[in-house]
Amino acid sequence: MKTDKILVTRSSMPSYEEFIEMIKPLWETRWLTNMGVYHEELENRLREKLEVPCLSLMVNGHMALELAIQALNLPEGGEVITTPFTFISTTHAIVRNRLNPVFCDIKPDDYTIDEEKLEELITDRTVAVVPVHVYGNICNVERIREIADRHGLKVIYDACHAFGESYKGQGVGCFGDVSVFSFHATKVYHTMEGGAVAFADEKLYEKLYNLKNFGIQGEELVTDVGANAKMNEFAAIMGLCNLSNIDQNIALRKERAELYCKLLNHVPGLKLPDFGRQNISYNYGYFPVLFADRESRDRVYDNLRKENIYTRKYFYPLTAEAECYRGKYSLANLQNAKQISERVLVLPLYPELDYDVIEHITGAVKRYLAS
Ligand code: T4K
């Protein structure tokens with residue numbers, strides 16, 4: 001389908017020939033899902049790529065998060081401190097595990113959970129922390145570990161935006177008790193739909209294997225109230241193919257992010273993402289810009305749409321403000337999160353985005369900002 005719309009992202013694809021060649025054996029074997037050979041191969045390859053000790057593939061990032069939380073056996077009704085500045089999945093995964101989210105504010109510089117405000121939210125009911133490496137900005141993993149250890153809390157990182165990133169040379173999936181990745185079609189690396197849980201505790205592998213396969217241990221033995229969260233073989237093959245272009249795609253994203261920074265540098269009323277943060281190797285998944293106020297953000301968003309440029313307000317509203325959570329959880333002391341979600345806009349960014357399109361987008365942003 002030919003479209004002249006400029007969307008916030010566009011799925012990267014392997015070559016058609018490579019994918020077709022890879023899926024051919026499935027017509028012979030007819031083994032399409034339930035932990036097939038490509039599932040196993042992809043788990044091994046991703047463990048190496050992400051430099052994590054253990055990894056369990058899942059059908060998508062959301063189920064990876066939901067089952068990762070379930071696997072940790074947290075007591076029902078426990079409180080889980082998390083960020084409201086994220087995709088709705090993060091909060092849903094906590095609530096669907098019959099746990100209570102307690103929302104913590106974020107930092108104005110990188111939009112991750114404010115670790116200095118986290119501790120004051122801890123009560124005797126707190127059982128875990130679910131921070132998010134939002135836009136690929138890595139949380140203060142050292143301080144969070146230290147606080148969590150002191151209070152005996154589990155740490156579950158939502159690393160859905162951080163595929164392939166590292167902090168101080170260590171794969172981002174190595175932090176916390178578990179880290180969860182999304183391989184959705186809109187992500188830097190994808191398997192169409194898919195996700196994974198990374199962890200160090202080997203015992204979790206079998207637990208997650210069970211949970212993603214209905215809790216079935218054998219033909220006559222069901223030990224856990226599991227779900228169906230298995231990645232199928234077509235998705236695993238897409239993942240294997242996409243591993244061969246991931247480094248190049250990240251390099252192409254980096255070039256485009258740098259062009260955005262050059263063209264929007266010093267524009268009054270606009271704050272750009274800082275990809276120069278020490279010790280982080282970025283994947284350039286998103287290009288979020290922060291406006292001075294909500295009015296200018298919305299004006300630019302609306303006018304760009306009229307020009308067929310579809311930016312996104314990731315993440316507005318806050319998850320805590322979602323219709324389904326209205327009146328249920330405290331929105332106190334979320335000033336930064338609230339302000340940022342009202343002023344942020346994510347600009348289109350993907351490896352194939354043409355340079356002249358970026359010039360067109362930035363020209364329009366500047367024009368509507370000044371209008
Ligand atoms: N935690 C966090 C922090 C997350 O950001 C996410 C997902 C999750 C957990 C859960 O992981 P998953 O269960 O999804 O694996 C999109 C994605 O669907 C979602 O994966 C992602 N975060 C979220 C931030 O963005 P929408 O509702 O904005 O998607 P949609 O359909 O509007 O697509 C956005 C643009 O992407 C389209 O304008 C064009 C492009 N696109 C979309 C699709 C579906 C493609 O190029 N190809 C495609 O197949 O949620």
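**View 1. Strand β1 pairs with strand β9 in a predicted model.** β1 and β9 run antiparallel and are joined by five bridges. Two strands count as paired if DSSP finds at least two bridges between them. Strands are DSSP runs (E, at least two residues), and helices are runs of H or I with at least four residues; both are numbered from the N terminus. L55 has A198 of β9 as its bridge partner. The model is predicted, so local features need pLDDT of at least 70 and side-chain atom pairs count only at pLDDT 80 or more, while totals for chains, interfaces and linings use all residues. Residues are numbered from 1 along each chain as its sequence is written, and side-chain values use heavy atoms, with hydrogens and water left out.

**View 2. The residues of β1 are buried.** Why is β1 largely enclosed by the rest of the structure? Five of its five residues are buried, so the strand counts as largely enclosed. Buried means under 20% relative accessible area, exposed means over 50%, and partly exposed lies in between (1.4 Å probe, protein chains only). C54, S56 and M58 point one way from β1. L55 and L57 point the other way.

**View 3. Seven strands form an open sheet.** The strand order is β1-β9-β8-β5-β4-β2-β3, and the pairing is mixed. β1 (54-58) and β3 (100-103) are the edge strands, and each pairs on one side only. On average, neighbouring strands of this sheet are turned by 25° against each other, direction ignored. Such angles use axes fitted as lines to C-alpha atoms, for helices over the stretch in contact, and run from 0 to 180 degrees between N-to-C directions.

**View 4. Strand β9 also pairs with β8.** Five bridges link β8 (residues 178-182) and β9 (residues 195-199). These two strands run antiparallel. Which residue of β9 is the bridge partner of S179? The partner is A198.

**View 5. A ligand sits among 25 residues.** Of the 25 residues around the ligand, D158, H161, S182, R312 and Y314 come nearest. Here a residue is near if one of its heavy atoms lies within 4 Å of the molecule or strand in question. A ligand oxygen is 2.8 Å from an N or O atom in the side chain of R312. For H184, the distance from a ligand oxygen to a side-chain N or O atom is 3.4 Å. At H62, a polar backbone atom lies 2.8 Å from an oxygen atom of the ligand. The protein covers 75% of the 920 Å² of accessible area that the ligand has on its own. Accessible areas come from the Shrake-Rupley method with a 1.4 Å probe; for residues, only the protein chains shown count as cover.

**View 6. T83 lies in a loop.** The loop runs between β2 (79-82) and α5 (88-95). T83 is buried, at 2% relative accessible area. Its side chain reaches the backbone nitrogen of F85 at 2.9 Å.

**View 7. Cysteines without a disulfide.** A search of the whole structure finds zero disulfides (pairs of cysteine sulfur atoms within 2.5 Å). For C160, the nearest cysteine sulfur is that of C139, 12 Å away. C160 is buried, at 11% relative accessibility. C261 is partly exposed, at 21%.

**View 8. F291 lies in strand β14.** This strand spans residues 287-291. F291 is buried, with a relative accessible area of 1%. P268 is 23 residues away along the chain, and the two C-alpha atoms are 9.2 Å apart.

Methods. A polar contact is a pair of N or O atoms within 3.5 Å; within protein, one must be able to donate a hydrogen and the other to accept it, and residues adjacent in sequence count only if both atoms are side-chain atoms.
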